[in-house]
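Hi everyone, thanks for making time. Let me put the structure up on the screen, and then I'll walk you through a few spots in it.

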Amino acid sequence: MNLMQSSGKNMKLYKKVAYIGVFLSLAIILSYIELILGFNALMPIYGIKLGLYNIAVIIAMFSLGFIEAFLIIVLRSIIMSVLFGSVTSFAFSILGGVAAFIIMTVLIKSRLFGKYISIIGVSVAGASFFNFGQIIASVILTGQLSMFYYLPVLLIGSVFTGTIIGITSRIILKYLKYNRLF
Amino acid sequence: MKDKINKRFGFLIGDIFIAVFVLLIAAIMFVSFTINGQNKGGKTAFIYVNGEILYEVPLDKNYNDEIKIGTEMIIEISNGRVRIQYSNCKNQNCVKIGSINTQNQIIACMPNRIYILIKSEADNLINEFDAIIG
């Protein structure tokens, strides 16, 4: 699954900037769709989100590079919370996004990837760390360590949502690689 | 580069490990929270509005009360349980989560910056010290 070797490192800067813009727009649209469709209200358990925009982030990681994916995560956080959220939601999504990015990068770059861990496991780990980052944000904002009380439920949800996002990303990556679109 | 993902959905053995590990952490946390909450008596619900304690309510049996916070929220206390009965926030997560009754449980309404925290008598002192130092 090493699309990076063929494109990410060798891409000219202007091309890369354009692609980052495209992926960022994609991430924002996915976030917006998730917002409108109101998946959050359907989820039986409090506060569990699907995180659709992570599909765009994961594909960016493999086709553009990790720093570019990090840019997409941060910028999408800023834009979504300016347009539709608040300072609180910004703190939540940026800490969650950075935490998820770190663990996903570590796992993908590790020797385990490809042989023992697939993108699905990486996505599950990313989802868990995203929730962990959100709890850290809430602890900082409220000053109460008791916010960790929410973490077990969120972690269970993250296994399911991570799996779904991971499978979807994998299918899309396979399609892109097969058609040599990158 | 050989495509190493060859099964139907693409699960590899490490993926199962990761999922099980996360679930295990969740289970351990949940169990330790539940055990921690049972023993101590004298539970009090602290209602924080904008970061400051506005109300302290003892959670004894047969103590029923309703606390209104402006036009934003109505909190109901009955039979040792606290819950948010009404909130004017958009996502209503705080209402959906139901009631709490043991120590260290917390209900938070982030948009309104209101949260309810249950602490036992022994921990009140620790909270006060945090306020002085921090």
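Predicted model: local features only at pLDDT ≥ 70, side-chain atom pairs only at ≥ 80, totals over all residues.

So, Glu68(A): its side chain makes a polar contact with the side chain of Lys16(A), at 3.0 Å. By polar contact I mean a pair of N or O atoms within 3.5 Å; within protein, one must be able to donate a hydrogen and the other to accept it, and residues adjacent in sequence count only if both atoms are side-chain atoms.

Residues are numbered from 1 along each chain as its sequence is written, chains are lettered from A and ligands numbered from 1 in the order in which they are written, and side-chain values use heavy atoms, with hydrogens and water left out.

Back to Glu68(A). Is it buried or exposed? Glu68(A) is buried, because its relative accessible area is 11%, and the cut-offs are under 20% for buried, over 50% for exposed and partly exposed in between, with a 1.4 Å probe and protein chains only. Leaving out residues up to four places away in sequence, Glu68(A) touches Lys16(A) and Ile20(A), where contact means heavy atoms within 4.5 Å.

Glu68(A) sits in helix α5 of chain A. Helices here are DSSP runs of H or I with at least four residues, strands are runs of E with at least two, and both are numbered from the N terminus. Helix α5(A) covers residues 66-83, so 18 residues, and reaches 26 Å from first C-alpha to last, close to the 26 Å expected at 1.5 Å a residue; that expected span is 1.5 Å times one less than the number of residues. Other buried residues of α5(A) include Phe66(A), Ile72(A), Ile73(A) and Met80(A).

For contrast, look at Lys12(A), in the loop between α1 (3-6) and α2 (13-37) of chain A. Lys12(A) is exposed, with a relative accessible area of 54%.

Now, how do the two chains meet? On the chain B side 36 residues are in contact with 38 residues of chain A. The buried area is about 3200 Å², with carbon and sulfur atoms giving 68%; that's the accessible area (1.4 Å probe) the two parts lose on being put together, summed over both. There are 7 residue pairs in polar contact across the interface, both residues at pLDDT 80 or more. On the chain B side, α1 (13-38), α2 (93-96), β7 (106-109) and β8 (114-119) each give two or more residues, and α1(B) has the largest share, 12 residues. Salt bridges between the chains, meaning a side-chain nitrogen of Lys or Arg within 4 Å of a carboxyl oxygen of Asp or Glu, come to 0.

Last stop, the sheet in chain B. It's open, with 4 strands in the order β3-β4-β5-β6 and antiparallel pairing. Why are β3 (65-69) and β6 (99-100) the edges? Each has a single partner strand, so one side of each is left without a neighbour in the sheet. Two strands pair if DSSP finds at least two bridges between them. We get 5 bridges from β3(B) to β4(B), 6 from β4(B) to β5(B), and 2 from β5(B) to β6(B). Met73(B) in β4(B) stands opposite Ile69(B) and also opposite Ser87(B) in β5(B). In the hairpin of β4(B) and β5(B), with 2 residues between the strands, Asn79(B) takes a positive phi near 55 degrees.
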